[in-house]
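Keep the wording plain and define the terms as they come up.

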Amino acid sequence: MISKTNILKIIGGVAVLAVLFFVLTNMGGGKNLNAFAESYSDFRDQQYDTYIYSYVPVVDASSETGEKNYFTYLAGAVDTKQTNSYRKSNAEQALSSYNSLNQKAMDTFSEHIGALDLATSQLVEAANRISDDEYRNTATEITKYAREIQQNYESLRLKYVERFNLQTKLLEELVDNGGDIFSLGLTLKDGGTKIPKIGEDIQNLTQETDKISQKMDDLYFSLKGRTGFKDYSNKFTENK
């Protein structure tokens, strides 16, 4: 028969082992939370770069630079008050400008979306390494916002592509028919119907991304307040 003293010793030993197990399994919690915060900063840095490059292919900076570009040539190509030769010349220059500048800017935008995708995956990995269930669940919610942001930028890119395709189709037809815009009824009607809707979609995606980004920030700082993990600076927060 086991004595009362031995029973107490056994219970005490089990308690010590339980505490030791808890310490060993959770001692990396702070480190993992800091790693998540660092990954979050990396994501925000990449988001800021993606945000900047999302404007490069579609912004008309002619008023600032004083130089003609795709958009000014496009306007000239569809100017019904001008001659056919004028419209054809502008259509040719618009296509040349698109191929040399706007398409490259689109490629760069796409590359940054790819980098943002990688940063999102790394953030997910960092969240999954958090040992505390409550904190890990919150971090996981943050990663869902991150993924939505990345996917919105990809949707934005596809909208750009759709609009550029409609515009360049019109430009190519203008070049082929010598600038006779009045013979392009179907193409003009197609573009006139679709392009305004694409513009609305682009605006909605931009606004939605801003809202998601704010929700993500709120949740992140809520987690930071509860855990006190190390905060890392990032370009997005500093420049927004």
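Leaving aside residues up to four places away in sequence, Gln 46 touches His 112, Ala 115, Leu 116 and Ala 119. Touching, or contact, means heavy atoms within 4.5 Å. Gln 46 lies in helix α2, which covers residues 29-53. Its relative accessible area is 15%, so Gln 46 counts as buried (buried is under 20% relative accessible area, exposed over 50%, partly exposed in between, with a 1.4 Å probe and protein chains only).

This is a predicted model, in which local features need pLDDT of at least 70 and side-chain atom pairs count only at pLDDT 80 or more, while totals for chains, interfaces and linings use all residues. Residues are numbered from 1 along each chain as its sequence is written, and side-chain values use heavy atoms, with hydrogens and water left out.

The protein has eight helices and zero strands. Helices (H or I, at least four residues) and strands (E, at least two) are DSSP runs, numbered from the N terminus. Helix α7, residues 185-227, has 43 residues and spans 63 Å from first to last C-alpha, close to the expected 63 Å. The expected span is 1.5 Å times one less than the number of residues. Just after α7, Gly 228 has a positive phi of about 70 degrees.

Values for the protein as a whole follow.

| Property | Value |
|---|---|
| Residues counted as buried | 35% of 240 residues |
| Contacts joining residues at least 24 apart, among those at least 6 apart in sequence | 79% |
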